[in-house]
Amino acid sequence: MRLVLDWIDDRTGYRRLLRAALVEAIPGGAKWRYVWGSTLTFAVVVQFITGLALWASYSPNAQGAWESVYYIENVMAGGWLLRGIHHYMAHATMILLVLHLMQIVVAGAYKAPREVNFWFGLALLFIVLGLSLTGYLLPWDQQGYWATKVATSIASITPFVGPALQEALIGGADYGHLTLTRFFALHAGVLPGALIVLIAGHVFLFRRHGVTTGERPAGARDGGNPDGQFWPDQALRDAVACLAVMAAVLYLVIRTGGAPLGAPADASEPYAAARPEWYFMFLFQWLTYFPAETEILGAIVIPGLVVTLIALMPFAGRWRLGHRFNLGFTGTILAGVGLLTWLAYAQDRADPEFVAAQHRAEAAAERIVELARGPDGIPPSGALTLLRNDPLTQGPQLFADRCASCHSYDGHDGLGNELAEARTAADLKGFASREWLTGLLDPEQIATPRYFGGTDFARGRMVRMVQSRIAGFDAAQRDDLAKVVKALSAEAALPQQATLDEADRDEIAEGAALLASESIGCTECHEWRGAFEQSLGPVLTGFGSREWLTGFIGDASHPRFYGDSNDRMPAFGPDEILSEAEIGLLVGWLRGEW
Amino acid sequence: MSEKPQAAAEPQVAEEGSSGTAPAPAPRRGFLAGMGAIAAGGLAFLAPVWSGIRAALEPLERPPQDTDLVPVAKLAAVPDDGVPHKFRVVMDRVDAWNTHRQLPVGAVYLRRTGDSVEALNVVCPHAGCFVNVAADRSRFVCPCHKSSFDLSGAVNDPASPSPRDMDTLDVEIRDDEVWVRFQNFLPGRAEKEPVA
Ligand code: FES
């Protein structure tokens, strides 16, 4: 062994290199406060390792990026852990970098001869920010898509080159394949390359200048401590610190279940929860204070000035007063950033529309995973196709858009937004379910806004019938009515009620027979299994079934339904207000079929 | 503390030593050789660097995609209530190496009063977010930086970050259909400039 190593050393001289790397004198001995640089390097190395592994499974294209990240996250063994580490280590890198820079400013370590190294550090900060920005888009989910649009829009207001810069960055006029390939090239090639060069330069300069022990005259010894060496004293402390960083990251990954992945990006789909990563939130909030054309001040001029001032700190720091100014300036900026961040989150939390949008985003994220795991899987056209054909996703939107001006759904507009006033037409949550029908036939409820309260039917025969005849029912008749409800509800064959319908088969049969009886009297106005006297109300055969509901939404004025007595319900089908597919999605959603 | 630690100084000394032992060329010849090396080396890199830059800037040279009107909705599907309703814009779209037939590429708000229809792009002129109709349907609000617009798309709050009103689009009613010229516009400036 020894011989082999000797031979290798003879041919390569690795021992001298190793010694050069490890035997670094540390004036005043090893210290915990010298660990930050090493933890940062560690974080970067972790990003390289996990990044390369992610790269091996990632596909940068508009119909494949989300899908491949879904695959990594939900199918690949340990993929969620891998991606989780990459995600949270990015946060850790940000924090460590800012801590490191703060430490340098506080210690005055940016002063001569270390100015250049301070700038290297600053440049590193921007590269890390760039990595974070480009990485945020790569999963191609709604969150990354819309948040990144804000960032590239800001790039486009850069004086002179703005529009060209934006176009070159996103690879065209619009987001698409080339946006992903370009962002990926930046994220995995250009920026990491620059990072390596800068870190190498930074470490080289650091070795050249040695650690900063503080404002002591050269040669003074720290509390009489003897000089230490990097290996093994400082190395041990560094390693322990790196382990602690890793433990913190792992804790976050496991606690949160990994990095988030929203629903796939869709330019035609509103996304009201668009927010950048938390360390960009202050900028996001900052922009709200710059009306109209002052945006350039907030987005470019002021940040540019702040960065210039920071870059000039080494010169200002030559004077005692200048150093104080630098400290104050850094403190002010950090306080400002903290305040803006806090304001941003506080305002969002207090905004019901934002909270609702966030819930919708989470629901959509869960839903798409369910669909992708479903029997059909993800088609080559991408996961968006799944969402666009999904009643649970499209139903609420269609409802909010086309129905909620008259109807409510569980008191809201279908999307979870509270309605300022009650709607004129019925609340359709649980339509045709036992519970819904029981309420309809309840004299107390039928004329409330939940059912016919706001419509012409409030003064119609149905309401009168319920309020006079049913109100007078005795206990036996009430029992019969309950069976009728079960029978009628069974017509809908609602998936959620399948087990109940199955269990109550006998009662349902009884109810079906009772429905036609005179004591209940439904068939005086409604068709039921071919029996009715006058066709006044909607047919009850197949009430609430897919076929019935499709027909009803299509055209409520059809003689099968309200005929001439229809009150304001548009003919969505014949008038082509809704396409067949859209009606199908609405029906599927209302019936709970997904 | 500007002393150089020993460890870092060592390799440097070694390098200087090795170059120092090489025989020095005659000054004039050395100068010419140096210039030659720089020129030849630079030339060798010219083609790759140039073609790389060309490729990076290629999107700037691409001809703009066509902006013909496309059908967006049946007229009857736009309620005659003066309130904006959202419609997907589905059209053919070339995305680099793919040609998509009937791809949802964005959305518009259509607002109908009688038989006239106005169309607004849903994209916020501030920084590109998807503008929402407020829950009470009285105005538009952008969920990002809270720009506020009235139902015709005009900025209605001077504190709005948006530099201009929401972008109107050309509309035509053909038979019973609403056709719209779907375009996106550069964000963050007062004038409405279509993205190329
Ligand atoms: S993107 Fe709409 S306000 Fe900023």
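Domain bounds here come from an automatic or database domain assignment. This is a predicted model, in which local features need pLDDT of at least 70, side-chain atom pairs count only at pLDDT 80 or more, and totals for chains, interfaces and linings use all residues. Residues are numbered from 1 along each chain as its sequence is written, chains are lettered from A and ligands numbered from 1 in the order in which they are written, and side-chain values use heavy atoms, with hydrogens and water left out.

**Stop 1: chain A, domains**

Select 24-274 plus 351-355 of chain A for domain 1, then 393-590 for domain 2. Their centres, taken over C-alpha atoms, are 57 Å apart.

**Stop 2: H3 and H9 of chain A**

Select residues 36-55 (H3) and 177-209 (H9). Helices are DSSP runs of H or I, at least four residues, and strands are runs of E, at least two, numbered from the N terminus. The pair packs at about 155 degrees, with axes 12 Å apart. Axes are lines fitted to C-alpha atoms, for helices over the stretch in contact, and angles run from 0 to 180 degrees between N-to-C directions. H3(A) and H9(A) are therefore roughly antiparallel (angle over 145 degrees).

Now show side chains. From H3(A), pick A:Val44, A:Phe48 and A:Trp55; they meet residues of H9(A) including A:Phe184, A:Pro192 and A:Ile199. Contact means heavy atoms within 4.5 Å. By class, this contact has 9 nonpolar, no polar and no charged residues. Ala, Val, Leu, Ile, Met, Phe, Trp, Tyr, Cys and Pro count as nonpolar, Asp, Glu, Lys and Arg as charged, and the others, Gly among them, as polar.

**Stop 3: H7 and H8 of chain A**

Select 142-155 (H7) and 162-170 (H8). The angle is about 140 degrees and the axes lie 7 Å apart. H7(A) and H8(A) are therefore oblique to each other. H7(A) contributes A:Thr152, A:Ser153 and A:Ala155, and residues of H8(A) in the contact include A:Leu165, A:Gln166 and A:Ile170. The class count is 4 nonpolar, 4 polar and no charged residues.

**Stop 4: H23 of chain A**

Select 546-554. A:Trp548, A:Leu549, A:Phe552, A:Ile553 and A:Gly554 are buried (under 20% relative accessible area, 1.4 Å probe, protein chains only). They pack against H24 (580-590) of chain A.

**Stop 5: chain B**

Chain B has 2 helices and 10 strands. Select 27-62 for domain 1 and 70-180 for domain 2. Their C-alpha centres lie 49 Å apart. Of the 196 residues of chain B, 40% count as buried.

How values were computed. Angles under 35 degrees count as roughly parallel, over 145 as roughly antiparallel, 65 to 115 as roughly perpendicular and the rest as oblique. Buried means under 20% relative accessible area, exposed over 50%, partly exposed in between (1.4 Å probe, protein chains only).
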